[in-house]
Amino acid sequence: MSATSFDIASEPGLELLRKMALREDNQELAFQACEEFFRRFARRLLAAAYKFTYIGADFDPEIHVSDTFISAYRKADSFKPPEGVTDAEVIDEKILFWLF
């Protein structure tokens, strides 16, 4: 594991989004941030998506989650953190809500 990967893994979700938003200027950093972002949030999003298959919705949860993360990568700069909130866990919950 490179030093950059280690640093990325310790970044809060908001910083990962900020790094993803730099994709035009630093594609490698943005991609590393996106990989960590996916690792951090995909499991919960996928679990929620699978619940829809149990209630009869006609869609593939894995494709839905993949599409969601592609969209998050492209629109990373559109996430607006709540004003005055500095707790990383609270912001991560807001990020998860934003992904939904």
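Mentor: Begin with confidence: pLDDT is the predictor's confidence in each residue, on a scale from 0 to 100. This is a predicted model. Its mean pLDDT is 88, and 90% of the residues reach 70 or more.

Trainee: Where is the confidence lowest, and where is it highest?

Mentor: Helix 1, residues 3-10, is lowest with a mean of 67, while helix 2, residues 13-20, is highest at 96. Residues 1-5 have pLDDT below 50, and this stretch makes two contacts in the model beyond near neighbours in sequence. Where pLDDT is low, the predicted coordinates should not be read in detail.

Trainee: What is the secondary structure of the protein?

Mentor: There are five helices and zero strands. In sequence order the pattern is α-α-α-α-α. The C-alpha trace spans about 45 × 30 × 25 Å along its principal axes. Among contacts between residues at least 6 apart in sequence, 59% join residues at least 24 apart.

Trainee: How should I read burial, and how much of the protein is buried?

Mentor: Buried means under 20% relative accessible area. By that cut-off, 33% of the 100 residues count as buried. The exposed surface comes to about 6,800 Å², with 54% of it supplied by carbon and sulfur atoms.

Trainee: Why is helix 2 described as largely enclosed by the rest of the structure?

Mentor: Because six of its eight residues are buried. Those in helix 2 are Gly13, Leu14, Leu16, Leu17, Lys19 and Met20. Take Leu17 as a case: its relative accessibility is 2%, so it counts as buried. Leaving aside neighbours within four places in sequence, Leu17 is in contact with Phe37, Ala76, Phe79, Ile95 and Trp98. Its C-alpha lies 11 Å from that of Leu29, twelve residues away in sequence.

Trainee: And how do I read a nonpolar core? Which residues touch the most other members of the largest one?

Mentor: In soluble globular proteins, nonpolar side chains tend to be buried together. Here the largest nonpolar core has 24 residues, and Leu17, Met20, Phe37, Phe41, Phe69, Ile95 and Leu99 touch the most other members. Helix 2, helix 3 (27-54), helix 4 and helix 5 each supply at least two residues of this core. Helix 3 gives the largest share, nine residues.

Trainee: What does Phe37 contact, leaving aside its neighbours within four places in sequence?

Mentor: Phe37 is in contact with Gly13, Leu16, Leu17, Met20, Ala42, Phe69, Ala72, Ile95 and Leu99.

Trainee: Where is Pro82 found?

Mentor: Pro82 is in the loop between helix 4 (61-74) and helix 5 (88-99). A relative accessible area of 23% makes Pro82 partly exposed, because the cut-off for buried is under 20%. Pro82 and Asp67 are 15 residues apart in sequence and 25 Å apart in space, C-alpha to C-alpha.

Trainee: One last item: how far apart are the mean positions of the positive and negative charges?

Mentor: They are 3 Å apart, for 12 positive and 18 negative charges.

Note on methods:
Residues are numbered from 1 along each chain as its sequence is written. This is a predicted model: local features need pLDDT of at least 70, side-chain atom pairs count only at pLDDT 80 or more; totals for chains, interfaces and linings use all residues. Side-chain values use heavy atoms; hydrogens and water are left out. Helices (H or I, at least four residues) and strands (E, at least two) are DSSP runs, numbered from the N terminus. Contact means heavy atoms within 4.5 Å. Buried means under 20% relative accessible area, exposed over 50%, partly exposed in between (1.4 Å probe, protein chains only). A nonpolar core is a set of buried Ala, Val, Leu, Ile, Met, Phe, Trp, Tyr and Cys residues joined through side-chain atoms within 4.5 Å. Accessible areas come from the Shrake-Rupley method with a 1.4 Å probe; for residues, only the protein chains shown count as cover. Lys and Arg count as positive and Asp and Glu as negative; His and the chain ends are not counted. The place of a charge is taken as NZ of Lys, CZ of Arg, CG of Asp or CD of Glu.
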